[in-house]
Structure formats: C-alpha cells, structure tokens
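Let me put the model up and walk you through a few spots.

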Amino acid sequence: MRINSMVEVARNLGGFLPGAEPKYLVPGSALHICGTYRAGKSKADSVVDRTGKVWGQDNLVLGGCGVIPTQNACNPTLTAACFAIAAADQLVEDLKSTSTET
C-alpha cells in the first residue's frame, strides 16, 4: 500500500524521470538516495564536475550524497566526504588565485 501512495504523490508532482520509476529493491540494496545532482565529466551527463562545481555557474558548488553518480551498496557518507574534501581543496585554490589577481 505504501508504494501505491508514493507513486500517486509522485505522479501528482509531475511523474518520473526515465529509468527512475518506482520499484521494489532486493533485500540488502542501498537505501540511500544518491545521484540526484550527480558529478560527471561534462554537463551532458551530470550537474556538477568532480569538485561539486555546477556546470555553467561561476560561484555555485554542491555537496552531499547527491553528487555521487550512482547508488552504492554501503552507507555513502565516506564517499560524500571525499567529494567534499575535493570541493574544499578546489575552493581554496580558487580563492588563492583570486587573491593574487587583485
């Protein structure tokens, strides 16, 4: 009954992305939502680069489990933390280069 209610709510909100239709997962599957604003190599396949910078935006960096490109079979916190470290390192470099330019 729960999945039917969730499907109804989702359809009222606009439906599902292709491939993201609701389904029952096999026992032991990952239940953490990842990839909602996934990292990738280009704006054609992702929302952010590997450092969390949103494609086409100069000053917008995203973090959290949403940057992880696909689901995994374990808690994604450590992976999200690694993405956050990469983003922080890049922000530090960007700030350093900006401060030397002025």
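First, a term: by salt bridge I mean a side-chain nitrogen of Lys or Arg within 4 Å of a carboxyl oxygen of Asp or Glu. Also, this is a predicted model, where local features need pLDDT of at least 70 and side-chain atom pairs count only at pLDDT 80 or more, while totals for chains, interfaces and linings use all residues. Residues are numbered from 1 along each chain as its sequence is written, and side-chain values use heavy atoms, with hydrogens and water left out.

Lys 96 pairs with Glu 93, and their closest N and O atoms are 3.9 Å apart. Both sit in helix H2, and because they are three residues apart there, about one helical turn separates them. When I say helix, I mean a DSSP run of H or I with at least four residues, numbered from the N terminus. Lys 96 is partly exposed at 49% relative accessible area, and Glu 93 is partly exposed too, at 44%. For the cut-offs, buried is under 20% relative accessible area, exposed is over 50%, and partly exposed is in between, with a 1.4 Å probe and protein chains only.

Staying in helix H2, look at Ser 97. Ser 97 is partly exposed, at 32%. A polar atom of its side chain lies 3.0 Å from the backbone oxygen of Asp 94. Ala 84 is in helix H2 as well, partly exposed at 40%. From Ala 84 to Leu 62 is 22 residues along the chain, with 8.7 Å between the C-alpha atoms.

Now, Thr 51: buried or exposed? Buried, because its relative accessibility is 9%. Thr 51 is in the loop between helix H1 (2-13) and helix H2 (77-101). Its side chain makes a polar contact with the side chain of Asp 49, at 2.8 Å. That term means a pair of N or O atoms within 3.5 Å; within protein, one must be able to donate a hydrogen and the other to accept it, and residues adjacent in sequence count only if both atoms are side-chain atoms. Leaving out residues up to four places away in sequence, Thr 51 touches Val 61, Ala 86, Ala 87 and Gln 90, where touching means heavy atoms within 4.5 Å.

Last stop, pockets. On a 1 Å grid over the protein atoms alone, a pocket is an open set of points with protein on both sides within 12 Å along at least five of seven lines, and a lining residue has an atom within 4 Å of a point. Points are joined across faces, edges and corners, and the volume is the space filled by probe spheres, 1.4 Å ones, set on them.

The largest pocket comes to about 970 Å³. It has 24 lining residues, and the closest to its centre are Ala 20, Lys 23, Ile 33, Cys 34 and Gln 71. The second largest pocket is about 170 Å³, and Thr 51 turns up again in its lining, along with others including Val 61, Ala 87, Gln 90 and Asp 94.

Key:
Helices (H or I, at least four residues) and strands (E, at least two) are DSSP runs, numbered from the N terminus.
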